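Subject: Structure handover

Hello,

Here is the structure we discussed. My notes on it follow below.

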Amino acid sequence: MIGISTIFGKIKRTPFGLHQVKSFYLLQKPSLSCIDSYNSSKLLSDYFKSGRIKEAEKLFDEIPERNVVFWSIVIHGYAINGCGRKSVELFSQMRISGWVPNSFTIVGVLVGIQGLQDWVLGQSVHGLVVKYGLEFDSIVGTAVLDTYAKCGNMTDSYKLFKGLKNPCLASRNAMIAGFINSNLFDEAVMLFKELRKHGLLPNIATVLTITRGCIALDSRTLCKVIHGLIIKLGLDSNILVNNSVLDMYSCLLDLEGGTKIFEGMEHKDVISWTTKMGLLINLECAADAVKLFCKMRHRGVSYDAIVIMNLTTACGLLGALGKGKQVHAQAAVSGFLSELPVVNSLIAMYSKCGELDSSRSVFDQSTQKSLVSWTAMISGYVQNGLPVEALNLLNKVRGEERFYLDSIMLTSALTASGELAAFELCQQLHCYAFEAGFSNYRSVQNSLISTYSKCGNMDLAYNVFNEMGLGKDMVSWNAIINGYGINGCGETALALYQEMKRCKEKVDSATYLCILNACSHAGLVEDGLMIFKEMVEDDNLRPDHEHYGCFVDLIARAGFLSEASSGSVCTLLEGMGPYTWRALFNGCMLHGNVELAEFAARKIFEQDPGESDQVVLLSNIYASAGRFQEAEALRSSMLRKGLMKNPGYSLLCRSPYDSG
């Protein structure tokens, strides 16, 4: 078989004499041969269309006299089946055999070149198009500009497009698709707007392409305009178009619009159901996504691997380990465990449910691991408070695999090093970010701010924050405010919070938690209470148990425990989780308020009966107040119940020690 490197060295050699002899021979064939030729070409085409390449090759080899039709079918057949190299090689063989390609042959080889992503080969074929006078054929011209576009050469593609006389809708569709594939979304929309000026109406192919541009531009207004045009043109009865519009609203996280489209669809396929499930999961409506799956099964719609992945994600969000195991079993029965994305979703699901043994088991049993697989497992360890295991696995992937760390794995590694306060490791990862070109990735920068803060180096944390310039987002501000807060620089954190508001940056519940913690640790009681009041008055946010814990901690640290023990405040704290009551308990411990400490400890025991730390601390409070008998009784009851004090761990020597 001739290699691609030699193909276009011979592409200009065309033995026309042999072509003329074969043409004459074909003209003299009896009518029966013509019928056989027609049936053979049809069968050959059918083989390729159904993906039966081996049968097609065998039939082609058995044809004694091949004409341009046979060659064209084979060249196009290989191309549409993803065998671009074979398509180009056959094109070269055809020309060496003396046959002159027609428009169908040219389109076939161009489709093959698109798969190879080689625009230099595209230029060579373009030269042949000009040589054979096919440049004015609209189908060939469209195929050439489409090839340039799909190979990333938008300059030549657009030049060719501008050179077309009255380009048809297909040519314009190809150009719009080229702009979108090259991330030139504004240019795609401009060209789309010109259609009506030239008396052309968008067809299904047009709207399927332009909706992708609308998604990329994240323009709700433009999406609604396109949706309105689709309805006006009567294209909304097509299931492909409806799925595309549904995906458009899903990417905008517009549940109302997406639901309206979904419910209005007369016919739904598995893509429709999957897209709606994906929208619900992205909005963290995991329970609704599971209900939708049940409804889908009731309608008799077969599910695919993407549905399984959506279900595992939903189970992870819900922490529904039991349902997650059922989905895992169903994936095994349905044969989807051979698909790596499904395996990766199972690893993530088990990690989110806190079942790391199962997560690691799925990971270890996977014969082909991708970078996503390793990242999912490392992230699982980080999320479950096992940074040492995460970093050990990171070392393993770098030693055993040929993967380079991507930005997601890098952020997980930074989080793990922050949990261990491993300053030197953080610096090494920072250097890697520069080397790998991730230093300007916002997610990496935010992780660096957080990690340097946890390592106690606020100078480096602020340097990263400052270098972000206009690239700062809400997470960046939260990270730097929290950093100064945990390092005892409450006033600096407060100043940054005020600056954040002046910059009109959106404030969320995490921002309030960061600044309330900072005020609490720095003893800025008045500022903290004022900020808590702001949050309570914000209609878009509701304080949760962590915010109330900060509020209690503020007044407890300031010695205002008489306010905390008042009936109104205790009523306010009713229904709060153990975090809030622990904050109150710690304040009582700090100020020796035994009565309120007993009340807070009672609430903790009610909500977390297995917690032993508060028993030890309450006994210490009794001992500090001189109530030794009660302290001893409490310790004795702890032993009778089989409760063990959790040992502390030193980050320096990584060995347990008892501080009780």
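I start with helix 5, where the buried residues are Val68, Phe70, Trp71, Ser72, Ile73, Val74, Ile75, Gly77, Tyr78 and Ala79. Please keep in mind throughout that this is a predicted model.

Helix 5

That list covers 10 of the 13 residues of helix 5, so the helix is largely enclosed by the rest of the structure. Helix 5 runs over residues 68-80, and its end C-alpha atoms are 18 Å apart, in agreement with the 18 Å that 1.5 Å a residue should give. Its N-terminal end is capped by Asn67, which places a side-chain oxygen 3.0 Å from the backbone nitrogen of Val69. Just after the helix comes Gly82, with a positive phi of about 80°.

The chain overall

The protein chain has 39 helices and 2 strands. It counts 660 residues, 46% of them buried. Among the contacts with a separation of 6 or more, 61% come from residues 24 or more positions apart.

Nonpolar cores

In soluble globular proteins, nonpolar side chains tend to be buried together. Here the largest nonpolar core has 164 residues, and the members that touch the most others are Leu44, Leu410, Ile480, Ile481 and Ile515. Taking Ile481 as an example, and leaving out residues up to four places away in sequence, it touches Ala493, Leu496, Tyr497, Met500, Cys514 and Ile515. There is also a second, separate core of 6 residues, with Val594, Ala597, Ala601 and Ile621 among them.

Aromatic pairs

A pair of aromatic rings is described by the distance of the centres and the angle of the planes. The structure holds 13 aromatic pairs. Phe363 and Trp374 are both buried.

Phe438 and Tyr441 also pair: their ring centres are 5.0 Å apart and their planes stand at 75°, so this pair is edge-to-face, the cut-off being over 60 degrees. Are the two partners buried or partly exposed? Phe438 counts as buried because its relative accessibility is 11%, under the 20% limit. Tyr441, at 39%, counts as partly exposed. Elsewhere, ring pairs join Tyr158, Phe161 and Phe179 into a cluster.

Two individual residues

Thr275 belongs to helix 17 (residues 270-282). Its relative accessible area is 14%, so Thr275 is buried. Not counting residues up to four places away in sequence, Thr275 touches Leu246, Asp247 and Ser250.

Ser219 lies in the loop between helix 13 (204-217) and helix 14 (220-232). With a relative accessible area of 23%, Ser219 is partly exposed. The C-alpha atoms of Ser219 and Leu252 are separated by 8.3 Å, while the two residues are 33 residues apart along the chain.

Regards

Methods: Residues numbered from 1 in each chain as written. Predicted model: local features only at pLDDT ≥ 70, side-chain atom pairs only at ≥ 80, totals over all residues. Heavy atoms only, no water. Helix = DSSP H or I, 4+ residues; strand = E, 2+ residues; numbered from the N terminus. Buried < 20%, exposed > 50% of the residue type's maximum accessible area, 1.4 Å probe, protein only. Contact = heavy atoms within 4.5 Å. Expected span 1.5 Å × (residues − 1). Polar contact = N/O pair within 3.5 Å; in protein donor to acceptor, adjacent residues only side chain to side chain. Core = buried A, V, L, I, M, F, W, Y, C linked by side-chain atoms within 4.5 Å. Phe/Tyr/Trp six-rings, centres within 6.5 Å; stacked < 30°, edge-to-face > 60°.
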